[in-house]
Amino acid sequence: MKKKLLIWMLAGCMAAAMPATVLAAENVEESGTETEAGTAELGDDIYSFQVMFDGDLLKLPMSCDELISMGWQAENPEDLDTMVQTNSYITGVRFVKGNYYISADILNLGINEEPASKCLIGGIEVDASGAVHENIGQKIEPGIAMLPGNIEVGTATIEDIKAAYGEPTDTHEDEVYTVLTYDKDSFQDITLTVYQETGTLLEVDMQNFVEPEDFDPGTVSGETPSIVSDYKEPSALGDDLMDPTVEFMGDLYQLPAPVSAFEANGWVIQDAEEGAYAEGGGLEFIDMMKENQTVRFSVYNFTENAVALSDCFVQELSFATYDPEIIDMKLGGGVTLGVSKDDLKTMAEAKGYVYEEEGDYVNIYKNENSGLDDYLSFWFNSDEDPDKASGITVHHEVLKNS
């Protein structure tokens, strides 16, 4: 079993102060039908993301409870106790029923961390490769595993598959098998593996990571996380330019600092809907105003569960000569706009910090391994004064007590 993060969530900008959208794909319409007896049928659409296995119609996504209600049980029950972060999934959870098994991807599309048992099954792998590899895969009798379009695992050929679904999105062939991939969208695909030895379909790997229409993402707790309530406002700037204490518009903050610390100093969140939140481990972009000045902040939820925007953290602050004078900022040692390149290098070398010049920028890190966590970036406007800093960005994302 492996844990994975849904990488696509990092792409693009999310709407300010609004819950992040998990996947911009339309819910797939059900293509199965109900007979008079009430038994579901597969239909013909491969993108219905369905498989009939041993009489059970498995349609993705589905809840773990739904699969278990059909008589399937986790081979290792402790797998279902695994906590799954929001917008993440775990792979390789095996469910068994009688003589058969399937492997599942268990997906958390909610706003809070949840045990796998409370999450969705977004992917299923059916492996009948025991017809070729007796000691690895399972043997599936004819008629046991069916896909839409009357495609049978164990007997369907490449010609059968193409006749039912058309040409695949991608084909990979080697001396062992031919892999046909039918790709609808990100994390919406079906991979069909036909073994050369038998000439038949022996593996099906299906994923559909889309929220069901009736999906309940969970609720936001009204409690303030301890990492927020434990935050202490600093009393003074230090003498080290890399110190996480920063003066911004006359107030001191130790980055990362909770949004509530900014609100306590007069900043007001703008244009946020009532109850706006950030999901567990999530990122939101918000506008805040103070003294008629509006600044956009990237705010992060450092907890596993959804929190109000006020309980998120600001990791980065910046300002430049083109900003209004009221938006001022000072770093440790009183470093601010106008500092020279030579002075920055001298200060960095005195502390044993790493610095580098890239075009019009000088970047300073505590060490070679901290570039993503703690850094300063100074911009020098070569069209005005190439030796005096015209912009400063400070970034600290590690809590002092963590």
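Strand β16, at residues 200–208, is mostly covered, with eight of its nine residues buried. Here buried means under 20% relative accessible area, exposed over 50% and partly exposed in between, for a 1.4 Å probe and protein chains only. Strands are DSSP runs of E of at least two residues, and helices are runs of H or I of at least four, both numbered from the N terminus. The model is predicted, so local features need pLDDT of at least 70 and side-chain atom pairs count only at pLDDT 80 or more, whereas totals for chains, interfaces and linings use all residues. Residues are numbered from 1 along each chain as its sequence is written, and side-chain values use heavy atoms, with hydrogens and water left out.

Two strands are taken to pair if DSSP finds at least two bridges between them. Strand β16 pairs with β15 (residues 188–195) in the antiparallel sense over eight bridges; in this pairing, V194 has L201 of β16 as its bridge partner. The hairpin of β15 and β16 has four residues between the strands, and G199 takes a positive phi near 70° there. Strand β10 (residues 120–127) also pairs with β16, in the antiparallel sense and over five bridges. Residue G123 stands opposite Q207 of β16.

An open sheet is formed by four strands in the order β3-β2-β11-β12, with antiparallel pairing. Strands β3 (56–59) and β12 (151–152) stand at the edges with a single partner strand each, so one side of each is left without a neighbour in the sheet. Strand β11 (residues 145–147) runs antiparallel to β12 and is joined to β12 by two bridges. Residue L147 stands opposite I151 of β12.
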